[in-house]
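Subject: Structure handover

Hello,

Please find the structure below, followed by notes on what was found in it.

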Amino acid sequence: MEYSGLAPDDLDNVRALNAAWLRSGHGGAPPLSAAGVERLASTPFLLFTLQEHDEHRWERLLAAPRQRDLLNDREAPSDEKRSLQAAGIAFLWELSRRNPYAARVVSDAANGWCRLITSVTLVQLLEFTADHDLIAPRVDPDSDVQRRLLQSGGSKPRELREAVQFSALQAMLTASRSGHHTSLRAAACRARAPLREVADEV
């Protein structure tokens, strides 16, 4: 399978979802100006998680109705969070069907999770998750990564902003997770030079 990369529309959707998340106030970010929200929202991954790494929870959510009834969250999400959660789920469902490699980049979702959520229709997926509070900040609010994002990820200087945002992306993708991503085949990428030549240059 050839990796086509993130399409411009994918990044537009990531920015829109991030902006909605930041405006909701649930992400723990301090109050930002409209311009600050837009700059921080340009971070090239989703600033919120949908518990993509908890595949057991998602397996239960998508199980038979009787099993799902036993797992109803004590507190359903607010209407605002429910709406944003549904938008995020719909985006990742469509992206996982079309390009699971891109889904990994924007959410660090394992291939197994992508297969799981796309095993049902979008209508079923939204129905099964509507009463469950899944959305939460992706980055630990007390972490150095989050502090750097909040301090400089929305900076006016583009070079500084992008350096901090891509550093956060790298930290997310290289975080150690036991057994994570083990079933995803390597993407076939176009290269200008053979791999051996590239290795010799490093």
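D10, E94 and R98 are linked in a network of salt bridges; a salt bridge here is a side-chain nitrogen of Lys or Arg within 4 Å of a carboxyl oxygen of Asp or Glu.

Before the rest, the conventions. This is a predicted model, in which local features need pLDDT of at least 70 and side-chain atom pairs count only at pLDDT 80 or more, while totals for chains, interfaces and linings use all residues. Residues are numbered from 1 along each chain as its sequence is written, and side-chain values use heavy atoms, with hydrogens and water left out.

Overall

The protein has 11 helices and 2 strands, these being DSSP runs numbered from the N terminus (helices H or I, at least four residues; strands E, at least two). Along the sequence the order is α-α-β-α-α-α-α-α-α-β-α-α-α. Of the 202 residues, 41% count as buried (buried is under 20% relative accessible area, exposed over 50%, partly exposed in between, with a 1.4 Å probe and protein chains only). Among contacts between residues at least 6 apart in sequence, 79% join residues at least 24 apart, where contact means heavy atoms within 4.5 Å.

Salt bridges

The structure holds 9 salt bridges.

E162 and R158 form another salt bridge, with the closest N and O atoms 2.8 Å apart. They too are separated by about one helical turn, because they lie 4 residues apart in helix α10 (residues 158-174). E162 is partly exposed, with a relative accessible area of 29%, whereas R158 is exposed at 54%.

What does the salt bridge of E52 with R138 tie together? In this pair the closest N and O atoms are 2.8 Å apart. E52 lies in the loop between β1 (48-49) and α3 (55-61), and R138 in the loop between β2 (136-137) and α9 (144-152), so the pair ties together parts that are 86 residues apart in sequence. Both E52 and R138 are buried.

Two packed helices are described by the angle between their axes and the distance between the axes. Axes are lines fitted to C-alpha atoms, for helices over the stretch in contact, and angles run from 0 to 180 degrees between N-to-C directions.

Helix α1 (residues 8-24) and helix α2 (residues 34-41) have axes that come within 8 Å and cross at roughly 130 degrees. That makes α1 oblique to α2 (under 35 degrees counts as roughly parallel, over 145 as roughly antiparallel, 65 to 115 as roughly perpendicular and the rest as oblique). The crossing is right-handed; the term means that the near helix is turned clockwise from the far one by less than a right angle, and left-handed means anticlockwise. On the α1 side the contact is made by V14, R15, N18, A19, L22 and R23, and on the α2 side by V37, E38, L40 and A41. These residues divide into 6 nonpolar, 1 polar and 3 charged (Ala, Val, Leu, Ile, Met, Phe, Trp, Tyr, Cys and Pro count as nonpolar, Asp, Glu, Lys and Arg as charged, and the others, Gly among them, as polar).

With α5, α1 packs at an angle of about 160 degrees, the axes being 11 Å apart. The two helices are therefore roughly antiparallel to each other, and their crossing is left-handed. From α1 the contact takes D10, N13, V14, L17, A20, W21 and S24; from α5 it takes E80, L84, A87, G88, F91, L95 and R98. By class, that contact has 8 nonpolar, 3 polar and 3 charged residues.

Leaving aside neighbours within four places in sequence, K81 is in contact with H26, D133 and I135.

Helix α6 (residues 100-107) is mostly covered, with 7 of its 8 residues buried: P100, Y101, A102, A103, V105, V106 and S107. The buried residues pack against α1, α5, α7 (111-117) and α10. Just after α6, D108 takes a positive phi of about 55 degrees.

Regards
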